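Here's a quick tour of a few local features. Have the structure open while you read.

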Amino acid sequence: MYVPVWPGEAYPLGSHWDGKGTNFALYSENATGVELCLFDGKNRETRILLTEVNNYIWHGYLPGIGPGQRYGFRVHGPFAPEQGHRFNPNKLVIDPYAKAVDGEIGYGEEIFGYRWDDPDQDLAFSELDDAYLVPKAIVVDETFNWGEDKLLRIPEHETVIYETHVKGFTKLHPYVPELLQGTYAGLAHPAAIAYLQSLGITSVELMPVHHFLSQPGHLVDKGLRNYWGYDSICYFAPYAGYCATKNPEQQVREFKRMVKALHAGGIEVILDVVYNHTGEGNHLGPTLSLRGIDNATYYRLVDDDLRYYMDFTGCGNSLNVSHPQVLKLIMDSLRYWVLQMHVDGFRFDLASALARELYEVDSLAAFFDIIHQDPVLSDVKLIAEPWDVGEGGYQVGKFPLLWSEWNGRYRDTVRDFWRGEDSSLAEFAFCFTGSSDLYENNGRRPSASINFITAHDGFTLNDLVSYNEKHNEANGEDNRDGESHNRSWNCGVEGETDKPKVLRLRNRQKRNFLVTLMLSQGVPMLLSGDELGRTQKGNNNAYCQDNELSWLNWDLQEENEALLDFTRQLIYFRRQHPVFRRRKWFQGRAIHGSGVSDISWFNPNGSEMTEEQWNMGFAKAIGIFLNGEAIPTRGKQGERVMDDSFLLLFNAHYELIEFMIPLGLRQWEWSVIINTTKSHFLKRGKMYRDELSIPVEQRSLVVLQKR
């Protein structure tokens with residue numbers, strides 16, 4: 001088939017339809033030739049040699065080619081793995097700037113650039129053609145009627161994040177139509193949005209939606225799939241497997257409709273993005289996109305042996321963020337998702353890997369500098385997973401201004417406190433008040449701390465209080481995968497049980513964790529399904545479980561209905577009381593004329609904590625006074641922010657403890673509103689004042705409100 005080709009333009013990269021034809025542009029610094037490959041409805045291929053090259057960008061314009069056209073590239077160049085080059089024109093590669101991708105990647109020998117049957121493995125050139133196994137990029141019409149939709153820009157201190165999975169959230173939802181379950185359209189369905197609104201969260205954090213490798217070989221052999229999606233192949237295209245539409249050209253519109261619907265419901269959309277590595281794996285991985293386009297440009301290679309990859313991610317490779325074109329790819333992708341797809345922010349997977357300019361993590365890396373000055377990206381939510389698997393990769397508290405962080409220390413400290421592990425109350429106090437020891441010195445505020453007890457990676461909340469050990473046998477790796485040190489406690493019985501005493505304790509522990517999370521300063525993040533008592537039966541690494549083990553079960557039992565109702569009340573309670581979501585740090589100063597500070601800490605006997613007591617590892621009880629009349633920041637219109645005052649009594653001990661009201665607070669009446677031994681908020685809780693002692697049951701938490 002004859003297709004005319006004009007010189008076209010080097011920008012923008014990828015495919016761009018202008019209403020009359022489509023411009024194609026691909027960056028490859030070391031290629032010797034690039035062929036654009038067009039595919040018709042019967043998968044017949046037409047190859048077009050791109051002869052125009054400008055600044056290493058190979059480009060051409062095809063008049064008459066428009067939306068719906070399926071395409072890929074074949075890139076010519078040296079196949080010399082020892083020199084870092086793995087070009088192989090027998091392999092169709094996916095455009096890294098593709099806005100939509102048609103179908104899944106098929107698994108077979110053909111998608112590898114080397115010969116499986118050769119003893120030299122990745123050094124042996126493969127002549128097998130893989131076009132029939134590789135999904136095709138799609139030219140899309142990017143026009144969309146957004147109406148009045150815009151980024152919600154919910155203030156950080158008012159944010160409550162709900163980490164969820166596009167498929168898992170609605171796959172079993174009884175009120176979402178079957179054809180829409182597990183899709184972007186399903187998440188946009190009124191039933192799904194109504195649930196999120198009733199829960200009270202402000203923002204959904206979606207696990208990876210960039211098109212990813214869903215069927216890597218080691219899982220195919222076991223009959224499993226990559227469910228989590230942390231193996232991105234294309235950073236612009238929404239994953240096709242989450243689309244309800246059967247028309248690939250409509251993928252982008254379906255995603256946009258989802259964002260628009262969530263925004264209309266007052267809910268932000270935050271994307272979990274994986275720019276630290278791709279699904280192409282190590283030197284024995286498949287050639288799907290960047291490896292075949294320009295391996296030496298896009299990946300970090302071992303300096304003295306370019307055949308191999310630097311791996312700070314545990315996934316086989318690391319993107320070469322020190323290269324300007326790789327930085328451009330990342331920034332172009334981020335801006336696209338904000339400007340064209342209207343997402344409100346990003347959570348960066350293994351973000352420390354993005355800060356490694358040479359080998360060590362550098363908080364002044366170009367990646368952060370570019371985002372800091374970017375007028376688009378500097379104004380959205382930026383959340384780091386502040387670690388990778390490389391040496392020195394644990395960087396909690398060390399990210400720069402504008403960034404929030406998943407606070408792994410908060411998770412560990414709160415887990416240890418409630419399971420009764422010996423640790424200092426000082427660590428718990430820092431975490432409860434926003435981790436000022438981590439974030440205050442570099443100018444950040446409490447909202448820099450994304451507080452969480454559980455996340456997709458690890459136990460669910462139910463399993464955290466039900467299992468001492470991981471149970472990952474279903475993953476097919478003899479239970480070797482996943483974290484072994486979970487800081488969990490099974491409350492006396494491993495796994496499922498019908499013992500009433502154990503079940504009561506587990507439910508109380510869930511409420512202890514939830515109340516601690518929602519009343520801590522910082523930004524709380526709730527794992528999807530924790531409010532429903534979701535279990536993965538002890539599997540703490542369910543990345544390959546695309547089944548009912550991972551999907552939310554909406555068939556609630558009575559105890560889970562109570563937990564859901566408690567969680568809703570708790571989130572609403574947080575949103576009603578600004579003293580639990582301050583914008584600035586506690587100072588502990590006395591209020592002028594009153595002698596009462598904005599926060600104070602006391603022993604069960606009502607006296608202030610001593611320095612010695614702060615560091616007693618065996619101490620398991622503490623009281624906290626929060627003064628609602630001492631909030632230092634003003635409201636949106638400059639008004640003074642006032643709130644009620646609260647006493648919070650924590651008892652992680654195995655016996656009941658009597659708390660005395662501190663001497664300076666005895667003139668007021670205090671009413672119990674939360675007691676985690678109860679499954680609900682207390683409308684008419686017992687009143688305390690003067691020298692009355694307040695009993696706090698073993699392993700429980702009591703919140704009192706000043707009348």
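This is a predicted model: local features need pLDDT of at least 70, side-chain atom pairs count only at pLDDT 80 or more; totals for chains, interfaces and linings use all residues.

How many residues does helix α14 have, and how far does α14 reach from its first C-alpha to its last?

## Helix α14

Helix α14 takes in residues 558-576, which makes 19 residues. From first C-alpha to last, α14 reaches 27 Å, close to the 27 Å expected at 1.5 Å a residue.

Which parts of α14 are buried? They are N560, L563, L564, F566, T567, L570, I571, F573 and R574.

## H157 and its neighbours

R574 turns up again as a contact of H157. H157 sits in the loop that links β11 (136-138) to β12 (161-164). Is H157 buried or exposed? With a relative accessible area of 16%, H157 falls under the 20% cut-off, so it counts as buried.

Leaving out residues up to four places away in sequence, H157 touches S447, R574, R581, R582 and R583.

## Where α9 meets α10

Now for a helix pair. The axes of α9 (residues 408-418) and α10 (residues 425-432) come within 9 Å and cross at roughly 130 degrees. The two helices are therefore oblique to each other, and α9 passes α10 in a left-handed crossing.

On the α9 side, the contact is made by R409, Y410, T413, V414 and F417; α10 brings L425, E427, F428, F430 and C431. Sorted by type, the residues of this contact are seven nonpolar, one polar and two charged.

Note on methods. Residues are numbered from 1 along each chain as its sequence is written. Side-chain values use heavy atoms; hydrogens and water are left out. Helices (H or I, at least four residues) and strands (E, at least two) are DSSP runs, numbered from the N terminus. Buried means under 20% relative accessible area, exposed over 50%, partly exposed in between (1.4 Å probe, protein chains only). Contact means heavy atoms within 4.5 Å. Axes are lines fitted to C-alpha atoms, for helices over the stretch in contact, and angles run from 0 to 180 degrees between N-to-C directions. Angles under 35 degrees count as roughly parallel, over 145 as roughly antiparallel, 65 to 115 as roughly perpendicular and the rest as oblique. A crossing is left-handed if the near helix is turned anticlockwise from the far one by less than a right angle, and right-handed if clockwise. Ala, Val, Leu, Ile, Met, Phe, Trp, Tyr, Cys and Pro count as nonpolar, Asp, Glu, Lys and Arg as charged, and the others, Gly among them, as polar. The expected span of a helix is 1.5 Å times one less than its number of residues.
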